[in-house]
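Biologist: Please put the sequence and the model up, and then we can go through some residues one at a time.

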Amino acid sequence: MSAPSQTSELTESVASAGQLVPALRSAAAAGLVAFGLCFPIISYHAESNMENELVLIGRWPLSFAIAALVFLFVFLRQMARADWRIWFDRVGSIAAGGMGGALVQAAREGEGTAPPSAARAAFGRYFGPFALGLVIAFPLLALGLLGPSASLKWINNYGVQILIYVMLGWGLNIVVGLAGLLDLGYVAFYAVGAYSYALLSTTFGLSFWICLPLAGILAAMWGVILGFPVLRLRGDYLAIVTLAFGEIIRMVLINWVDLTNGYAGISGIPHVSFFGIPFTDDDNGFAAIFHLPFTPIYRTIFLFYLILALALLTNFVTIRLRRLPIGRAWEALREDEIACRSLGINTTNTKLTAFALGAMFGGFAGSFFSVRQGFVSPESFTFIESATILAIVVLGGMGSQLGVAIAAAVMIGVPELMRELDWMKKIFGEDFDPTQYRMLLFGAAMVIMMIWKPRGLVSTRLPSVFLKERKAVSGDLVKEGHG
């Protein structure tokens, strides 16, 4: 072995040893903090005994397991950073003096970046169509692999539920991601759409296909009503007003008992039909007309493709609008409102159109939610729903359609998968319920994303207008990474 290679290996071993102690120190501190946070919440569980007395039952193994996972994650993260620096320095030393050394040095100093690989370019080109094809085939694959009974849960709880939040995320992406207007009350438009369909269908007997556009129009009207008072507000002040608007709508739904039936909600909402053919078990039902055995899976599959069509409509309209002058006005408003006014753009109309269109798609989703459930109540439209939708937009990457879809699939699908973790009761006890830790995982995901990808899962996008050649715009090249 030559002397330079021995020196290089010695340098790497010394550097790794030098990084080991700081990594262990950081991991130990993170583990202690995690254990301290778990102590009052997770380490003890309150239950009532046979004498109706409240007793505390210790769950220390669960606290130690969470602290160990945090310790391991932080330690591996610190060591990975150290190994990456060593590898980068080694590549730079090998390529020194040539074009490779110039590229490495330029990348170090931020003066340039190497072009993306062919594999990465192909992935970016074909991932979207592949994912869309997989989503379209998902009900058929689930039905073929699991059968009608077992696939019902997967198509309904995963497919339909995730697509509802994908549509809501794309609708809010118009307001937050494109126009830069922080909206914490988006669930209000969701509620307006749901109650509009419920009231119109039960009172006047209108079908879903008539109530759907009416619900969107009513939600858009309320979006304009919200937009007028907040024309001069930005940032945190706008967020506070929209949050208050969402709570006002919920309180109206609770207290206007004569119209909304209060906490009891509205039941008996008519279900959607297959263009006039109901999904019922009679001679005029869908199964009898098409000579199929009756099963509830047909209605669920139809609902899946219905919400998929509504979500794709939302995506198509958003992409088309971004290329129009109104879409470029939204992005200009997001970047700098003062410069937007100086260029002669009517910021009033720009804000109102963003609120109205985002609210309209929220109303469409609410109408679908109402026809899917057959029952609506104010408890379905709390602030946590607005926070979840906003988190989907932020984690996916504001302004990114693909990132929002991926974030919705992760944030809605993972809590549903936690219902399948009953085997963990053998480790942490019979009283362990994985679904109770949904918000804990939600907060952990937010923290990890802020450290790992602060600009969202997809921080690059194709520009709405380009000159000669279409190139992806990095999120760190625009204000607040919205690009």
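Biologist: Is Gln-401 buried or exposed?
Modeller: This is a predicted model, in which local features need pLDDT of at least 70, side-chain atom pairs count only at pLDDT 80 or more, and totals for chains, interfaces and linings use all residues. Residues are numbered from 1 along each chain as its sequence is written, and side-chain values use heavy atoms, with hydrogens and water left out. Buried means under 20% relative accessible area, exposed over 50%, and partly exposed in between (1.4 Å probe, protein chains only). Gln-401 has 10% relative accessibility, so Gln-401 counts as buried.

Biologist: Which residues is Gln-401 in contact with, leaving aside neighbours within four places in sequence?
Modeller: Gln-401 has its place in helix H15 (residues 401-417); helices (H or I, at least four residues) and strands (E, at least two) are DSSP runs, numbered from the N terminus. Contact means heavy atoms within 4.5 Å. With neighbours within four places set aside, the contacts of Gln-401 are Trp-170, Asn-173, Asn-315, Thr-318 and Ile-319.

Biologist: Is Thr-350 buried or exposed?
Modeller: Thr-350 lies in helix H13 (residues 347-373). Beyond its neighbours within four places in sequence, Thr-350 is in contact with Ile-326, Ala-329, Trp-330, Leu-333 and Ile-345. Its relative accessibility is 3%, so Thr-350 counts as buried.

Biologist: What is the angle between the planes of Phe-189 and Phe-245?
Modeller: Rings of Phe, Tyr and Trp (its six-membered ring) pair if their centres lie within 6.5 Å; planes under 30 degrees apart count as stacked, over 60 as edge-to-face and the rest as tilted. By this rule the count comes to 22 aromatic pairs. Phe-189 and Phe-245 form a tilted pair, with 5.8 Å centre to centre and a plane angle of 40 degrees.

Biologist: Which helices hold Phe-189 and Phe-245?
Modeller: Phe-189 is buried because its relative accessible area is 1%, and Phe-245 is buried because its value is 10%. The pair links distant parts of the chain, 56 residues apart: Phe-189 is in helix H5 (residues 187-204) and Phe-245 in helix H7 (residues 236-255).

Biologist: Which aromatic cluster includes Phe-274 and Phe-302?
Modeller: Phe-274 and Phe-302 form an edge-to-face pair, 5.4 Å centre to centre with 80 degrees between the planes. Phe-274 is in the loop between strand E3 (266-267) and helix H9 (286-289), whereas Phe-302 is in helix H10 (residues 297-323). At 26% relative accessibility Phe-274 counts as partly exposed, while Phe-302, at 13%, counts as buried. The cluster is made of Phe-274, Phe-279, Phe-286, Phe-290, Tyr-298 and Phe-302.

Biologist: Is Phe-130 buried or exposed?
Modeller: Phe-130 is found in helix H4. Helix H4 (residues 118-178) gives the most to the nonpolar patch, with six residues. Phe-130 has 56% relative accessibility, so Phe-130 counts as exposed.

Biologist: Over which residues does pLDDT stay under 50?
Modeller: pLDDT is the predictor's confidence in each residue, from 0 to 100. The protein chain averages 79, and 81% of the residues score at least 70. Where pLDDT is low, the predicted coordinates should not be read in detail. The stretch with pLDDT under 50 is residues 91-114.
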